[in-house]
Each structure stands twice: as structure tokens, then as C-alpha cells.
Amino acid sequence: MTTPSIANNAYQLAAKLQQQARTIEETTPETTGMDFGQMVKEAVDTVVDKGQQADEKAIGMIEGNTGVVDVVTAVAETEVALETMVAVRDRVISAYEEIMRMPI
């Protein structure tokens, strides 16, 4: 084989691969989901909001505007949200540690 024919074959192979890549890109659906960092931020914001609501209910009870049941419910919701957040954090840390133990 001569050098020009080798170069021609390489060029045609590269063009074919590029065409296949375009086809794959066109058929691959776009993901419109949120990224992990945004999901964690929203979860933390939810826990903070629940805590603020519980604080507002407790202050309302002190002022005589809110009943005890509302305060207990708000505190329980905050506790559940916080426990869920801690459980997710523990699972993320566990997954990270497992990935770090994987051999390369």
C-alpha cells in the first residue's frame, strides 16, 4: 500500500466514525433532570424551611396564637425531614467510601 492510500483510508474511517457519532447524538434523548448538587440544595432548603416553620409555630404558641397540636406537628415534621436528610447523607458517604475501596 502506498502512503496516499493509507491516508485516504484513515480519512474515510475518521469520517465514518464522525457520522456515527452524529447519529448517536441525534438519537440520544436529552436529560432535563436536575443535577445532584441542586437536588441536595433543595433538600437542605426544605429542612431549613421546616425548621423555620416550627420556630414560628413555637413563637405563635408563646404569644397565644397557635395551639400545642400545631407546634408538635411542625416539630415532628421537622424531625422527620432532618432524619431523612441524615439518612441520605449517610448513604452518600457510604457509597463514596465503597467507590474509594474499588480497585482501579
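Met34, Phe36, Met39, Val40, Val44, Val48, Val88 and Val92 together form a nonpolar patch on the surface of this predicted model, with about 650 Å² of accessible area between them. The elements that give two or more residues to the nonpolar patch are helix H2 (36-63) and helix H3 (68-101), and H2 gives the most, with 5 residues. A patch is built from residues with over 30% relative accessible area and no salt bridge, where like charges are joined within 9 Å and nonpolar side chains (Val, Leu, Ile, Met, Phe, Trp, Tyr) within 5 Å. Accessible areas come from the Shrake-Rupley method with a 1.4 Å probe, and for residues only the protein chains shown count as cover.

Residues are numbered from 1 along each chain as its sequence is written. Because this is a predicted model, local features need pLDDT of at least 70 and side-chain atom pairs count only at pLDDT 80 or more, while totals for chains, interfaces and linings use all residues, and side-chain values use heavy atoms, with hydrogens and water left out.

**The chain as a whole**

The chain has 3 helices and 0 strands, and its pattern, read along the sequence, is α-α-α. Helices (H or I, at least four residues) and strands (E, at least two) are DSSP runs, numbered from the N terminus. Of the 104 residues in the chain, 8% are buried, where buried means under 20% relative accessible area, exposed means over 50%, and partly exposed lies in between (1.4 Å probe, protein chains only). The accessible surface of the chain comes to about 9000 Å², and 61% of this belongs to carbon and sulfur atoms.

**The largest pocket**

Rolling a probe the size of a water molecule over the atoms shows where empty space is left. The largest pocket has a volume of about 230 Å³. A pocket is found on a 1 Å grid over the protein atoms alone, as an open set of points where a 1.4 Å probe fits, with protein on both sides within 12 Å along at least five of seven lines; lining residues have an atom within 4 Å of a point. The grid points are joined across faces, edges and corners, and the volume is the space filled by probe spheres set on the points.

The residues that line the largest pocket are Phe36, Met39, Val40, Ala43, Thr46, Val47, Ala81, Thr84, Met85, Val88, Arg89 and Val92, and H2 and H3 each supply at least two residues of this lining. By kind, the lining divides into 9 nonpolar, 2 polar and 1 charged residues, where Ala, Val, Leu, Ile, Met, Phe, Trp, Tyr, Cys and Pro count as nonpolar, Asp, Glu, Lys and Arg as charged, and the others, Gly among them, as polar.

Ala81, one of the lining residues, lies in helix H3 and counts as buried because its relative accessibility is 15%. The C-alpha atoms of Ala81 and Val44 are separated by 9.2 Å, although the two residues are 37 residues apart along the chain. Val44 has its place in helix H2, and with a relative accessible area of 36% Val44 is partly exposed.

**Salt bridges**

The structure holds 3 salt bridges, a salt bridge being a side-chain nitrogen of Lys or Arg within 4 Å of a carboxyl oxygen of Asp or Glu.

| Salt bridge | N to O distance |
|---|---|
| Lys41 and Asp45 | 3.0 Å |
| Glu77 and Lys50 | 3.7 Å |
| Arg89 and Asp90 | 2.8 Å |

Glu77 and Lys50, joined by a salt bridge, link distant parts of the chain, with Glu77 in helix H3 and Lys50 in helix H2, 27 residues apart. Glu77 is partly exposed, with a relative accessible area of 38%, and Lys50 is partly exposed at 26% relative accessibility. Lys50 and Leu82 are 32 residues apart in sequence and 9.1 Å apart in space, C-alpha to C-alpha.

Lys41 and Asp45 both lie in helix H2, 4 residues apart, which is about one turn of the helix. Lys41 counts as exposed, at 52% relative accessibility, whereas Asp45 is partly exposed, with a relative accessible area of 34%. In the remaining pair, Arg89 counts as partly exposed at 46% relative accessibility, and Asp90 is partly exposed, with a relative accessible area of 39%.
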